[in-house]
Amino acid sequence: MLFRSPLAALANEFGFDLVSRERPAPKPLLTALGLLSAECGDVGRLIFDVTADNHISQHEKAQGDKAILEAIDALNVLRESLKAA
C-alpha cells in the first residue's frame, strides 16, 4: 500500500487514519473574543444552574457537554482570528 507521507504510513502501522481538520473562518478579533466570552458565560451559567439541586441528570450532562463543545469551537475561532490579525 502506498502512502503520501511518512506520517500517514506511521498512523496506518498503528491502526489510525489521518483525517484533515477544517479550520474555522477567522472573524474580526474583538468579535471572536466576544463570541468566546458569551460561550464561556453560557457554560458557567449552565453548570451553576444544574448543580443547584445537588443532582445532575443525564440530560443536564448532555446540555453541559454541548455548551462546552460550543465554547471550544469559539476558542478555535479566536485562535484562527488571532493568526489572521
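Tutor: The face of α2 turned away from its buried side carries the exposed residues Leu30, Arg45 and Phe48; exposed means over 50% relative accessible area, buried under 20%, and partly exposed in between, with a 1.4 Å probe and protein chains only. The model is predicted, so local features need pLDDT of at least 70 and side-chain atom pairs count only at pLDDT 80 or more, while totals for chains, interfaces and linings use all residues. Residues are numbered from 1 along each chain as its sequence is written, and side-chain values use heavy atoms, with hydrogens and water left out.

Helix α2 spans residues 29–50, helices being DSSP runs of H or I with at least four residues, numbered from the N terminus. Its 22 residues reach 32 Å from first C-alpha to last, close to the 32 Å expected at 1.5 Å a residue, where the expected span is 1.5 Å times one less than the number of residues.

The buried residues of α2 are Ala32, Leu36, Glu39, Val43, Leu46 and Val50. Seen down the axis of α2, they fall within an arc of 95° and so line one face of the helix; the arc is that of the directions from the helix axis to the C-beta atoms.

What covers these buried residues includes α3 (58–84). Leaving aside neighbours within four places in sequence, Ala32 is in contact (heavy atoms within 4.5 Å) with Lys27, Val77, Leu78 and Ser81.

How values were computed:
Helices (H or I, at least four residues) and strands (E, at least two) are DSSP runs, numbered from the N terminus.
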